[in-house]
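Me: I have a model open and want a quick walk through it. Can you take my questions as they come?

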Amino acid sequence: MNTPIWAEELIQEAIEYRGSKIKPVINWTEKDRTYTTGTARTPLKKGKEYIYKNRKVHCVKGCRAKISITAGTDMEDLKEGILHEVAHILSPPYTHHDRSFYRIAWDLFNHFELDLEKCLGREGRYKNIAKVEFNYLRKEGKL
Ligand SMILES: [Zn+2]
């Protein structure tokens, strides 16, 4: 299924806004349900060393960034889902939902004018760390 132009543009704009030049492969699927799900693969550089679970990992093949989206029907949720996956590819490899991830995610949600309270509901319901970073950035006046 082709990625809608607006979604491609949102992804590219978000990447450029964060000062990156990554060009991810995008896999797009649509489902007749409310909520969006997605996965992301952080780009890896061939020959570079990474830290994974406190161990050094040597990247043999390298790989391109990839974002997979299964789009639901709720537009606001879809945009948040897309930006969530963009935040993953902009985070260091082998990291997941930690505070540095959420620093990027909240910056993107804020920049693209999503309803932050709704985002907090969706992100925070199963990821307490999302709330911790949200409260921190609020206190610092960044959101
Ligand atoms: Zn995630």
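**Loops, helices and strands**

Reply: Start with Glu113, which sits in the loop between α3 and α4 (116-124). Helices (H or I, at least four residues) and strands (E, at least two) are DSSP runs, numbered from the N terminus. This is a predicted model: local features need pLDDT of at least 70, side-chain atom pairs count only at pLDDT 80 or more, and totals for chains, interfaces and linings use all residues. Residues are numbered from 1 along each chain as its sequence is written.

Me: What is the phi of Glu113?

Reply: Positive, about 55 degrees, although Glu113 is not a glycine.

Me: Is Glu113 buried or exposed?

Reply: Glu113 counts as exposed because it has 8 C-beta neighbours inside 10 Å. The cut-offs: buried means 20 or more other C-beta atoms within 10 Å of a residue's own, exposed means 12 or fewer, and partly exposed is in between, with C-beta atoms placed from the backbone.

Me: And Tyr94, where is that?

Reply: In the loop between α2 and α3 (99-111). Tyr94 is not a glycine either, and its phi is positive, near 65 degrees. Tyr94 is partly exposed, since 13 other C-beta atoms lie within 10 Å.

Me: Switch to α2. How many residues does it have?

Reply: Helix α2 (residues 75-90) has 16. From first C-alpha to last it reaches 23 Å, close to the 22 Å expected at 1.5 Å a residue. The expected span is 1.5 Å times one less than the number of residues.

Me: How do α2 and α3 pack? What angle?

Reply: About 140 degrees, with the axes 9 Å apart. Axes are lines fitted to C-alpha atoms, for helices over the stretch in contact, and angles run from 0 to 180 degrees between N-to-C directions.

Me: What does that angle make α2 and α3 to each other?

Reply: Oblique. Under 35 degrees counts as roughly parallel, over 145 as roughly antiparallel, 65 to 115 as roughly perpendicular, and the rest as oblique.

Me: Which residues meet there?

Reply: On the α2 side, among them Leu83, Ala87 and Leu90; on the α3 side, Phe101, Ile104, Ala105, Leu108 and Phe109. Contact means C-beta atoms, placed from the backbone, within 7 Å. Glu80 of α2 is also in that set.

Me: What does Cys119 touch?

Reply: Glu80, Phe109 and Leu114, not counting residues up to four places away in sequence. Cys119 lies in helix α4. It counts as buried because it has 23 C-beta neighbours inside 10 Å. Cys119 and Ala130 are 11 residues apart in sequence and 9.6 Å apart in space, C-alpha to C-alpha.

Me: Now the strands. What is the order in the open sheet?

Reply: β1-β5-β2, three strands with mixed pairing. The edges are β1 (25-30) and β2 (37-41), each pairing on one side only. Two strands pair if DSSP finds at least two bridges between them.

Me: How many bridges join β2 to β5?

Reply: Five, with β2 and strand β5 (residues 66-71) running antiparallel.

Me: What about β3 and β4?

Reply: Strands β3 (residues 49-52) and β4 (residues 55-58) pair in the antiparallel sense over four bridges. Glu49 has His58 in β4 as its bridge partner. The two strands form a hairpin with two residues between them. Lys53 in the turn has a positive phi of about 50 degrees.

Note on methods:
Two residues are in contact if their C-beta atoms, placed from the backbone, lie within 7 Å.
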